[in-house]
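Please read the following report alongside the sequence and the coordinates. It moves from the whole chain to its sheets and then to a single side chain.

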Amino acid sequence: MAEYEHILVKRDGDTVTITMNRAVRRNSLSADHLAELLAAFREAGDTDATGIVLAGAGPVFSAGHDFGDVAARDLMGVRELLRLCTDLMGTMQSVPQVVVARVHGLATAAGCQLVASCDLAVAAESAGFALPGGKGGWFCHTPAVPVARSIGRKRLMELALTGDVVDAATALDWGLVNRVVPDDSLDEAVASLLGRATRGSRASKAMGKQTLYAQLDRPEADAYALALEVMASASQLPGAREGMAAFLEKRSPVWPD
């Protein structure tokens with residue numbers, strides 16, 4: 001794995017952990033920080049790892065965009081910064097690995113966007129989530145995009161318009177995270193969920209993740225048309241063949257990928 005200034009990247013077995021490491025800046029997302037995250041996800045995506053964990057060092061998961069960086073930019077510069085951020089969110093969803101957010105402390109604005117863009121999220125009881133632009137001067141337009149697709153319209157409106165922090169239990173109830181656990185159980189819970197989410201054929205999982213995102217916002221008939229063709233094609237994958245053979249032969253599968 002490459003060396004970075006603003007993040008730490010470590011591989012342990014089949015899991016790559018990418019840790020935001022700007023604790024002194026509350027893991028705020030400058031252009032350089034975003035570029036490193038994007039490069040790290042692309043690098044991890046090209047490996048044979050099965051899972052990626054996104055974490056944050058220090059007391060805060062991520063405070064969102066670095067206003068020092070934003071304030072120094074003109075209109076074209078801010079557009080470039082937001083495109084970089086959007087590219088990161090899309091890459092997290094397009095890599096073949098299962099991506100899990102490990103959330104502690106606050107995840108606000110684009111930090112909340114990171115959580116919503118991960119495939120799965122596990123939060124510590126101490127975590128909090130907010131789109132604070134609603135009570136400030138720069139509304140959280142882009143962070144609201146994946147958050148809306150996680151929690152629904154009315155809850156999005158409350159989060160985005162009030163700018164208030166919601167606690168981890170509320171985030172769980174709203175569907176922003178999958179699990180809430182005691183702070184000292186966070187790593188164990190992340191590993192457990194990731195372990196269950198990465199079982200089976202790697203190629204089948206990668207195709208499944210890609211298709212889930214592709215069909216989510218389509219009309220039902222279009223979603224079925226897409227899913228039908230992908231599922232028919234996927235039946236010919238070596239992993240699918242092995243899974244069916246193992247079931248029919250009443251034995252444990254030996255995955256080829």
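The report below describes a predicted model.

**The chain as a whole**

The protein chain contains 11 helices and nine strands. Its radius of gyration is 19 Å, close to the 18 Å that the globule rule gives for 257 residues, so the chain is as compact as a globular protein of that length. Along the principal axes, the C-alpha trace spans about 60 × 40 × 40 Å. Of the 257 residues, 45% count as buried, and the accessible surface of the protein chain comes to about 13000 Å², of which 55% belongs to carbon and sulfur atoms. Among the contacts with a separation of 6 or more, 66% are made by residues 24 or more positions apart.

**The three-stranded sheet**

A further open sheet, with three strands and mixed pairing, has the order β5-β7-β8. Its edge strands are β5 (106-108) and β8 (166-167), each of which pairs on one side only. Helix α4 (residues 110-117) packs on this sheet, where the helix touches β5 and β7 and its direction makes about 95° with that of β5. Strand β7 (residues 128-130) pairs with β8 in the antiparallel sense over two bridges, and Phe129 stands opposite Val166 in β8.

| Strand pair | Sense | Bridges |
|---|---|---|
| β7 and β8 | antiparallel | two bridges |

**Lys209**

Is the lysine at position 209, Lys209, buried or exposed? Lys209, which lies in helix α9 (residues 202-215), has a relative accessible area of 8%, and because buried means under 20%, this residue counts as buried. Its side chain reaches the backbone oxygen of Met92 at 3.0 Å. Leaving aside neighbours within four places in sequence, Lys209 is in contact with Met92, Gln93, Val95, Pro96, Gln97, Val99 and Asp119.

Note on methods: Residues numbered from 1 in each chain as written. Predicted model: local features only at pLDDT ≥ 70, side-chain atom pairs only at ≥ 80, totals over all residues. Heavy atoms only, no water. Pairing = 2+ DSSP bridges. Helix = DSSP H or I, 4+ residues; strand = E, 2+ residues; numbered from the N terminus. Contact = heavy atoms within 4.5 Å. Axes fitted to C-alpha atoms, helices over the stretch in contact; angles between N-to-C directions. Rg over C-alpha atoms; globule rule 2.2 N^0.38 Å. Buried < 20%, exposed > 50% of the residue type's maximum accessible area, 1.4 Å probe, protein only. Areas by Shrake-Rupley, 256 points an atom, 1.4 Å probe, with all protein chains shown as cover. Polar contact = N/O pair within 3.5 Å; in protein donor to acceptor, adjacent residues only side chain to side chain.
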